[in-house]
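Student: I have not looked at this structure before. Could we go through it by question and answer?

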Amino acid sequence: FEAATGSSIGFDPCGVLTIGREPGERELVRANVETMRELGVAVELVDAERMRALVPGIAMHEDALGAWEPASGCVDPT
């Protein structure tokens, strides 16, 4: 965006962790990870133990699954 417009959007590559705990949510996380991989997105399917390592202090149910995108992030909404 910046190269095309000369304006920064304030992208912060902080990583994104999407979490699903309920059975239907876990299946959506799995399906999303598969789709993102097919599209070339760097993403990792992570279990509760890995999420605790990524986010120290997080309370995570053992059944939870996550999609970890280390190069993703957020932009400045203004």
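Student: To what number does the count of disulfides come?

Tutor: This is a predicted model, and the count rests on its atoms. A pair of cysteine sulfur atoms has to be within 2.5 Å to count as a disulfide. By this rule the count comes to zero.

Student: Which cysteine sulfur is nearest to that of Cys-14, and how many Å away is it?

Tutor: Cys-14 is in no disulfide. The cut-off is 2.5 Å, and the nearest cysteine sulfur belongs to Cys-74, at a distance of 4.3 Å.

Student: What is the nearest cysteine sulfur as seen from Cys-74?

Tutor: Cys-74 is in no disulfide either. Its nearest cysteine sulfur, 4.3 Å away, is that of Cys-14.

Student: Is Cys-14 buried, partly exposed or exposed?

Tutor: Buried means under 20% relative accessible area and exposed means over 50%, with partly exposed in between. The relative accessibility of Cys-14 is 45%, so Cys-14 counts as partly exposed.

Student: Where does Ile-9 lie, and how many Å separate its C-alpha from that of Cys-74?

Tutor: Ile-9 is in the loop between α1 (2–5) and β1 (16–20). In sequence, Ile-9 and Cys-74 are 65 residues apart. In space, their C-alpha atoms are 9.4 Å apart.

Student: Which residues does Ile-9 touch, not counting those up to four places away in sequence?

Tutor: Ile-9 has a relative accessibility of 36%, so it counts as partly exposed. A contact needs heavy atoms within 4.5 Å. Leaving out residues up to four places away in sequence, Ile-9 touches Phe-1, Val-75 and Asp-76.

Student: In what order do the elements of the chain run?

Tutor: The chain has three helices and three strands. From the N terminus on, their order is α-β-α-β-α-β.

Student: Why is the chain called more spread out than a compact globule?

Tutor: For 78 residues the globule rule gives 12 Å. The chain is well over that value, so it is more spread out than a compact globule: its radius of gyration is 15 Å.

Student: How many positive and negative side chains are there, and how many Å apart are the centres of the two sets?

Tutor: The chain has 6 positive side chains and 14 negative ones. The distance between the centres of the two sets is 8 Å.

Conventions: Residues are numbered from 1 along each chain as its sequence is written. This is a predicted model: local features need pLDDT of at least 70, side-chain atom pairs count only at pLDDT 80 or more; totals for chains, interfaces and linings use all residues. Side-chain values use heavy atoms; hydrogens and water are left out. Helices (H or I, at least four residues) and strands (E, at least two) are DSSP runs, numbered from the N terminus. The radius of gyration is taken over C-alpha atoms; the globule rule is 2.2 Å times the number of residues to the power 0.38. Lys and Arg count as positive and Asp and Glu as negative; His and the chain ends are not counted. The place of a charge is taken as NZ of Lys, CZ of Arg, CG of Asp or CD of Glu. Buried means under 20% relative accessible area, exposed over 50%, partly exposed in between (1.4 Å probe, protein chains only).
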